[in-house]
Amino acid sequence: MSEMKGPAIFLAQFMGEAAPYDTLDNLARWAGDLGYVGVQIPCDARLIDLGLAAESKTYCDDLRGLLGEFGVEPTELSTHLQGQLVAVHPAYDQLFDGFAPPELHGKPAERQAWAVEQVKLAAKASANLGLSAHATFSGALAWPYVYPWPQRPAGLVEEAFAELARRWTPILDVFEEAGVDCAFEIHPGEDIHDGATWERFLEAVGNHPRARILFDPSHYVLQQLDYLDFIDRYHDRISCFHVKDAEFNPTGRSGVYGGYESWVNRAGRFRSLGDGQVDFVGIFSKMAQYGYSGWAVLEWECALKRSEDGAREGAPFIRHHMIRLTDHPFDDFASSGVDRNAIRSILGIASSQN
């Protein structure tokens, strides 16, 4: 049975204009110095030339070599922003324009075509980098109707997921050709935001073998989902793992929906590892039980703590929780050492019977 890999860190939340957050090599050096051995790389032009990575194995080998100089390797590429743009309800057009190049702002059809091509390029780039999984969002057409008031018209949800599948199936086919899993982060704001919506999507894409899950328990806490049961149900489709903490402290004033409050004042909020309520002992145990062999990647978001402190604390936290799998049963010391004939005798089965 293969073991989990890590600790690793998602670079998206740390990118900035000043060193060490300004370039891939500076971020790799910074991550390695903190004890990380892997980096999850957002498909941002400041970090990777996605088009070149999709066509050039040499470029990808050089990128791996660059990271290796600092003791880290790529874990997955991420197209969270581009994946979001594969399916955008018109209510969010203006807000999501910022995820696309300026020349595509105000042009939703062109923006979507660009996003689809970006995710397809990421599949090919992932293959050239020797990666087995990719992290993304599904986008959303039905999210404005997540609460059924006014009453949803019959067929609205079904049509939304049928359209989502029409958009994603050709992309998933590219991932199949590349031999890479496409892992959707189960996340509020996406049409795939819990187990029920994941099942809807999986059925709509015909149980596509490359449709997979990015498991992030923080979003389950904020929805009040049972994240351990989620692993029991869907472990065979989990290809990526964001190690991220959260807490939920409802009051008579605010609960799951948050009351339009700031992140600091919401009942549910993201926290640095170990500061929230997520049962990571239970999660890492479940992942080990089911043989998860992907990466454990810190995604840092916290309403209170400084990012550099969260990053510094993350590597030892993940390393402490990773489980080295045993190569023999714990009770081998008490083995009776009897052979088949002895077993048959114990069971009272005549030795002449087969």
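So, the second largest pocket: in this predicted model, about 650 Å³ of space lies in that pocket. Its lining counts 31 residues, and those nearest the centre are Ala 12, Pro 42, His 80, Leu 81 and Gln 82. If you want to find it by secondary structure, look at strand 3 (73–79), helix 4 (80–84) and helix 6 (108–128), the elements that each give two or more residues to the lining. Helix 4 gives the most, with 4 residues.

Now, on to the largest pocket. Here we have about 1,400 Å³ of space. There are 43 lining residues, and the closest to the centre are Trp 143, Val 146, Pro 188, Gly 189 and Tyr 257. The elements giving two or more residues to this lining are helix 5 (93–96), helix 7, helix 8, helix 9 and strand 9 (268–271). Which element provides the largest share? That would be helix 7, with 4 residues. By class, we get 25 nonpolar, 11 polar and 7 charged residues around the largest pocket.

Helix 8 was on that list, so let's stay with it for a moment. Its buried residues are Gly 195, Thr 197, Trp 198, Phe 201 and Leu 202. Looking down the axis, these fall within an arc of 160°, so they line one face of helix 8. Remember that an α-helix has 3.6 residues a turn, so residues three or four places apart point the same way. What covers the buried residues of helix 8? The cover includes helix 7 (156–178), strand 5 (181–185), strand 6 and helix 10. At the start of helix 8, Asp 194 has a side-chain oxygen that reaches to within 3.3 Å of the backbone nitrogen of Ala 196. After the helix comes Gly 206, with a positive phi, near 65°.

Helix 10 is my last stop, residues 227–234. Tyr 227, Phe 230, Ile 231 and Tyr 234 are its buried residues. They span an arc of only 100° around the axis, which puts them on the same side of helix 10. Among the elements covering them are helix 8 (195–204), strand 6 (211–215), helix 9 (217–223), strand 7 (238–243) and helix 11 (280–289). And which residue caps the N-terminal end of helix 10? It's Asp 226, with a side-chain oxygen 3.1 Å from the backbone nitrogen of Leu 228.

Terms used. Residues are numbered from 1 along each chain as its sequence is written. This is a predicted model: local features need pLDDT of at least 70, side-chain atom pairs count only at pLDDT 80 or more; totals for chains, interfaces and linings use all residues. Side-chain values use heavy atoms; hydrogens and water are left out. Buried means under 20% relative accessible area, exposed over 50%, partly exposed in between (1.4 Å probe, protein chains only). The arc is that of the directions from the helix axis to the C-beta atoms. Contact means heavy atoms within 4.5 Å. A polar contact is a pair of N or O atoms within 3.5 Å; within protein, one must be able to donate a hydrogen and the other to accept it, and residues adjacent in sequence count only if both atoms are side-chain atoms. On a 1 Å grid over the protein atoms alone, a cavity is a set of points where a 1.4 Å probe fits but cannot get out, and a pocket is an open set with protein on both sides within 12 Å along at least five of seven lines; lining residues have an atom within 4 Å of a point. Grid points are joined across faces, edges and corners, and a volume is the space filled by probe spheres set on the points. Ala, Val, Leu, Ile, Met, Phe, Trp, Tyr, Cys and Pro count as nonpolar, Asp, Glu, Lys and Arg as charged, and the others, Gly among them, as polar.
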